[in-house]
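Student: Please take a close look at one part of this model. Start with a strand pairing, then move on to the packing around it.

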Amino acid sequence: MGNLIRFPSASKEGSAVADLLADPPRHTHAVQFYEEPDSLYEAVSKFIGAGLEAGDRVVIIATVPHRDAFVARLDRGAVARGLASGQLTFLDARDTLAKFMVGEAVDPDLFRNVLSRIVAHARANAPDARIRAFGEMVDLLWRDGNSNAALHLEELWETACTERAFTLLCAYSMGHFYREADGQRFKAVCESHSHVIPTEGFTRLDEPYARLREISVLQQRARSLETELLHRKGLETALREALRDRSRVEAELRESVRREREARTKAEANDSFKEQFLAVLGHDLRNPLNTILTTARLMLMRGEVSGDSQKRLDRVVSSGVRMQRMIEQILDVTHERLSPGISVSCDAPRDVVPIVTRVVEELQSGHPTKSIALTAERACVAPVDEARIEQVLRTIVGNAATHGDGNVSVSVTSLEDVVTIEVWNAGPPIDADLETSLFEPFKRTRKTNGRSEGLGLGLFIARRILEAHEGKLELQSSLGRGTCFRVILPREL
Amino acid sequence: MSTSPGGDEACVLIVDDEEDIRETLREAIEMAGCTAITASNGADALKVLETRRPCLIVLDLLMPVMTGIEMIEVMRKQPALAAVPVLVSSSVPNRAPAGVPVLPKPIDIDKFWARVKDSCDCLDARRRRTTTST
């Protein structure tokens, strides 16, 4: 047994393969691999023809189409004579196989029985004649995907060849062994035969150097294919890795899309909440309060109440006004935080002195025990939102009058680029650590005269209003000079 | 008392779905020496306008049944009503139709008086302007 054809000495006119097929030694169990059916037909018909000529008993176990193809290549007269004399026997491969298969497996006893009957029939009139057989039942099993049974059957054939002294030629399509994983089974098939005949491309290797050359070429091809295979496996691994990476990235992407969608939904819910909140503040709370205040004022105007009742009504109005301002502040802060910010509408540049004057007069009447002095240049023109600047000044001057010791002085100055409004008050300086937090929302100062002065939003809003004017609100506080809030407004936007 | 260009009566029609606001404005108008009539939505107001012709309509925008905006649209299509002056008084002043004067809510009563005075001359010398003490 061997992996490659064991060549007898080459005959003068034919190849070693041709010699083997024409005159196989006893106990030969050869295998013919083929690519194209034609080369199978060629080899097997030569095998049959030589057998008939040599007076061998010839048994062909083949499929019907193959049998017909063999016959077509043989001498009709010789075939007819062989069949008539019992020298030639044709058996259907599928039928014969069915006689010893049990399920997916070959039954060795049944096989031996079948084989005994075939051999007995072949030797009926010629007990000493040589038997040469061709069988393709193994090929059928392989086609069926049952390679285990095929290999088992080969073993049984091998034993039978030796025991019963006949020659067997098997044939396999090379197409059965196209995968890398088929290597082991291919090797097993080769090892279960005494002679291996390669496919049609390699059957004329008589000259030893030609053989060595061909082997070298095949070695190179095998090596290069192995290398290629390794390379491809590496690529496949990398590809699988990349696919895994991609799946991971895709999963991450899906997750991030989901998160974004969630955030958007949340933001939309927030927007709707914001709108509702602003509507409650802007409309639902302000309007009833306004009605209370207006009604109380109308009562005061009509002079319907007098004495103590008028004082009580005054308290209703002043508390209502404070509440109204707090609502306005909350509305401003909410707009500042949730919406585009505090909006200012600056019309044409105007003199800010009348605005300052109006606020000072208003606060002076509210703080009769304090002096609020105003010094102003004749005209200090800047583009401002009048109502908003009034709001800023009411906060700053009001704070100075409420929290400062002694008098308040307010000055308005026009410089080259800016208009500044300074509000000074005497008294202890503001703590350095309080200076920054003073401008943060909801930072309340102490109660004054037993009354909370507000929500602690005034300076926060004032600074935002001035920023919306592209101006600034600065604080300067020292022990000697007291405290100064400085409003800086650009003269041009 | 005299009549305004759009109306032929020395009275102001106040249209607002909130009764407190209606009554407060009515009182403010009456304190100024003018007559006030009221309606609680646009549809009711249009009904009033079938028999009365005020010199000014003070109109809220967001009201059930018929909004102020819808009412203005109807009025603009009717030649007899198109010239009646309207003063929108609303918490959402930016929704007022173009060209209509607006007084934002909450209403500053002094500004209200001033605007009413600008729109019609039914407010006579008895109107007292008072500065609000804060």
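Tutor: Start with strands β14 (residues 472-478) and β15 (residues 482-490) of chain A, which pair in the antiparallel sense over seven bridges. Two strands count as paired if DSSP finds at least two bridges between them. Strands are DSSP runs of E with at least two residues, helices are runs of H or I with at least four, and both are numbered from the N terminus. A hairpin of three residues joins β14(A) to β15(A). A:L475 has A:F485 in β15(A) as its bridge partner.

This is a predicted model, where local features need pLDDT of at least 70, side-chain atom pairs count only at pLDDT 80 or more, and totals for chains, interfaces and linings use all residues. Residues are numbered from 1 along each chain as its sequence is written, while chains are lettered from A and ligands numbered from 1 in the order in which they are written.

Now the helices. The axes of α12 (residues 353-366) and α13 (residues 386-403) of chain A come within 9 Å and cross at roughly 40°. Axes are lines fitted to C-alpha atoms, for helices over the stretch in contact, with angles from 0 to 180 degrees between N-to-C directions. α12(A) and α13(A) are therefore oblique to each other: angles under 35 degrees count as roughly parallel, over 145 as roughly antiparallel, 65 to 115 as roughly perpendicular, and the rest as oblique.

Residues of α12(A), including A:V356 and A:V360, meet residues of α13(A), among them A:L393 and A:V397. Contact requires C-beta atoms, placed from the backbone, within 7 Å.

Technical notes
Contact = placed C-beta atoms within 7 Å.
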